[in-house]
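Please look through the sequence and the model, then read the points below, which are grouped by topic.

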Amino acid sequence: ELEKIFEIAVNGSEDEKISAATILCGASLIRGWNIQEYTVKFITRLMSPPVPADFTGSDSHLIDYAPMLNVLIVGIASVDCVQIFSLHGLVPQLACSLMPICEVFGSCVPNLSWTLPSGEEISPHAVFSNAFALLLKLWRFNHPPIEHGVGDVPTVGSQLTPEYLLLVRNSHLLSSENTHKDRNKRRLSEVASSSSPEPVFLDSFPKLKVWYRQHQRCIAATLSGLVHGTTVHQTVDRLLNMMFRKINKGSQSITSVTSGSSSSSGAGIEDNSLKPELPAWDILEAVPYVVDAALTACAHGKLSPRELATGLKDLADFLPASLATIVSYFSAEVSRCVWKPVVMNGMDWPSPAANLSNVEEHIKKILAATGVDVPRLSAGGSSPATLPLPLAAFVSVTITYKIDKTSERFLNLAGPALESLAADCPWPCMPIVASLWTQKAKRWFDFLVFSASRTVFLHNSDAIVQLLKSCFTATLGLNIAPISSNGGVGALLGHGFGSHFCGGLSPVAPGILYLRVYRSIRDIVFITEEVVSLLMHSVREIACSGLPKQKLDKLKRSKNGMKYGQVSLAAAMTRVKLAASLAASLVWLSGGHGLVQSLIKETLPSWFISVHRSDRDQGSGLVAMLGGYALAYFTVLCGAFAWGVDSSSSASKRRPKILGSHMEFLASALDGKISLGCDGATWHAYVSGFVSLMVGCTPNWVLEVDVDVLRRLSKGLRQWNEEELALALLGIGGVGTMGAAAELIIEHFDS
């Protein structure tokens, strides 16, 4: 049935095409789990219609498909639909389909229009804005400048760019021996080939490339380069006159005050004549200068805050795609910290006072389980709420939007940007923004307050350490009154939250908080050391506290029960493995390959060499042994997350060098070339545990280790009377270790 609808969308009349496109973007996409794979494929193919055989026009053939393309773009613009495309791996291809649409319709003068069957009239500006907004959602455009590599090291997952999406899409075209074996690769290759069998690069879209480079320059440096008398300068004047026409009629033009030009508008010109009939790309090129001029005028008292917000909203209404450039400019300017803060007093700027204290109380309630102190939002109510001028302007513009389906597409673009931007500003900017927005949209209260609560961790590394500690405590069931005293994944991630639950908002599970925080942590290097420290602390807690009370009570009632507080080694090892699994997950999640590499090459060797007084003071043989095994599980899991257990992934190519370095460290320490500071039992348990896990779970890793290193490791294990493990290591080490294995067998029988 879907194929029939697809054929109608390709070969039907104009109205039939639109109806078919609407059907494909409906329940078949959103709820049709069993047919979703085919639905997204058909939609993606429709987004790149082929050139008709009889097409002879000088313009792009895409213009003739404008009504259907607009219906498709609007139909898949929701966050849920984008997530569906992402789950099916089609975001790169979707972006590749949107780029020519943006290029073509953004280059059209808006003197064309199309009428949809519903009676709605659309222009090239509308088609472009809808396509452009969707394209930007696909490449994490709306994240703050810090994630684009300005200043600190960019966080994990921040390298998603238009070029990267095209490279991924092009990689789907490459045929390989494995393509026909892997169903998913074959499916992606078919979808990519159906739109264009040739690789596509950003150079194919010159207008988009110009805008993207301007966006990058805006983030990297202050705005400059506007030359008097140029086409861009004239466009800036016309846009400012359109935005502030009422002011220009009564007094000096904003353009002459802010951009150094003379006013080019007359007082009696009609409103419609002030709207420039220019291609969208030309308007977007001028928007940063327009916003800069307007913001400067407001800072110097030439524009009131209300006039600024109204003018920017008029610009966004005229060309909705301009909201993207407004977001880009405000994000960059806030990060520069050159604008004075403004007082949100309810007269010049909107006031958050109506529910700021309510937001503060709910933040404290959400974070109650973590033990983190929430800074006061105001000192006894005497300190006025302030925001940096660009952020105040941004939030003022966004709250002028209506909460309806039409505005949703663009609020979904501006909303995450506003949240990320406010979170990156000093405390309490995000709670203030949340207070302002909850006054407008009460149904978003839970989400906004939760977003505000996570910013507590972004400005305080001690709070992040406390959050990590809470993750271990909840997972292992070590706290006295946790969300769930039984521990486990349920206690780590919780079971949802919200004011609709019985009793209202409740403390949020620490794992969920960390999932919302980790992408914005600026300095992730310290995470590895803290996680290792917390892992060892958890091992001591497990060994010293015995079994959880529920299990102890059960054991005491059994025939073969144990004395209260006595540690069961098997039960302790189970909890130690759980702690190691959590530690590995946190490291991999926080920093990916880079953090795992830093852990294995730097953090762990340094830890073994250092002296740990806490281990010697509190420790016993059991604590030391459990600590070694915990580190062994932790290390192997981190490596498995990063490289895989075999050689099927591209990341496995990095494994031999990093693993070889670590194995050389182990062999050198066993040879006595490196002096260790850790407990001997911990070292013994780590080496034997690590090698045992490699032999039993990741034998491919052993094949990548230098033969001489394996022989030295085997010799060290034999000195610990670990003959079986030494033989197993040599047995899977390949041809090069066969001689050493034979010698070991002979020695064993001789003895």
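**Salt bridges**

Arg454 and Glu419 join their side chains in a salt bridge, with 3.4 Å from N to O; a salt bridge here is a side-chain nitrogen of Lys or Arg within 4 Å of a carboxyl oxygen of Asp or Glu. Because Arg454 lies in helix H23 (residues 445-458) and Glu419 in helix H21 (residues 405-424), the pair ties together parts that are 35 residues apart in sequence. Helices (H or I, at least four residues) and strands (E, at least two) are DSSP runs, numbered from the N terminus. The model is predicted: local features need pLDDT of at least 70, side-chain atom pairs count only at pLDDT 80 or more, and totals for chains, interfaces and linings use all residues. Residues are numbered from 1 along each chain as its sequence is written, and side-chain values use heavy atoms, with hydrogens and water left out.

- Arg454 is buried at 5% relative accessibility; buried means under 20% relative accessible area, exposed over 50%, and partly exposed in between (1.4 Å probe, protein chains only).
- Glu419 is also buried, at a relative accessible area of 11%.
- The structure holds 13 salt bridges.
- Side chains of opposite charge can pair when their charged atoms come close.
- Another salt bridge links Arg712 to Glu664, at 3.2 Å from N to O.
- Arg712 lies in helix H35 (residues 707-719) and Glu664 in helix H32 (residues 655-671), so this pair ties together parts that are 48 residues apart in sequence.
- Arg712 counts as buried at 14% relative accessibility, whereas Glu664 counts as partly exposed at 31%.
- Glu360 forms a salt bridge with Lys364, and their closest N and O atoms are 3.9 Å apart.
- Glu360 and Lys364 are separated by about one helical turn because they are four residues apart in helix H19 (residues 356-366).
- Glu360 is buried, with a relative accessible area of 7%, while Lys364 is partly exposed at 33% relative accessibility.

**Charge on the surface**

- A patch of negative charge on the surface gathers Glu14, Asp15, Glu16, Asp59 and Asp64.
- Patches are made of residues with over 30% relative accessible area and no salt bridge; like charges are joined within 9 Å, and nonpolar side chains (Val, Leu, Ile, Met, Phe, Trp, Tyr) within 5 Å.
- Lys and Arg count as positive and Asp and Glu as negative, while His and the chain ends are not counted.
- The place of a charge is taken as NZ of Lys, CZ of Arg, CG of Asp or CD of Glu.
- Accessible areas come from the Shrake-Rupley method with a 1.4 Å probe, and for residues only the protein chains shown count as cover.
- Glu16 belongs to helix H2 (residues 14-24) and is partly exposed at 42% relative accessibility.

**Buried helix positions**

- Helix H5 (residues 66-75) is largely enclosed by the rest of the structure, because eight of its ten residues are buried.
- The buried residues of H5 are Ala66, Pro67, Met68, Leu69, Asn70, Val71, Leu72 and Ile73.
- Ala572 is in helix H29 (residues 569-609) and is buried at 3% relative accessibility.
- Ala572 and Val539 are 33 residues apart in sequence, and 8.7 Å separates their C-alpha atoms in space.

**Annotated regions**

- An unreviewed UniProt entry gives the annotation "transmembrane region" to residues 578-600, 621-645, 683-703 and 724-746.
- UniProt positions are given in the numbering used here, feature names are shortened, and annotations may be inferred rather than shown by experiment.
- Residues 578-600 are 100% helix and 0% strand, with end C-alpha atoms 20 Å apart.
- Residues 683-703 are 95% helix and 0% strand, and their end C-alpha atoms lie 24 Å apart.

**Backbone details**

- Most residues other than glycine have a negative phi, and most peptide bonds are trans.
- The peptide bond from Trp427 to Pro428 is cis, with omega near 10°.
- Pro428 lies in the loop between H21 and helix H22 (429-440).
- Cys337, a residue other than glycine, has a positive phi near 55°.
- Cys337 sits in the loop between helix H18 (322-336) and strand E3 (341-343) and is exposed, with a relative accessible area of 67%.
- Asn721 is not a glycine, yet has a positive phi of about 65°.
- Asn721 is placed in the loop between H35 and helix H36 (723-731) and counts as exposed at 60% relative accessibility.
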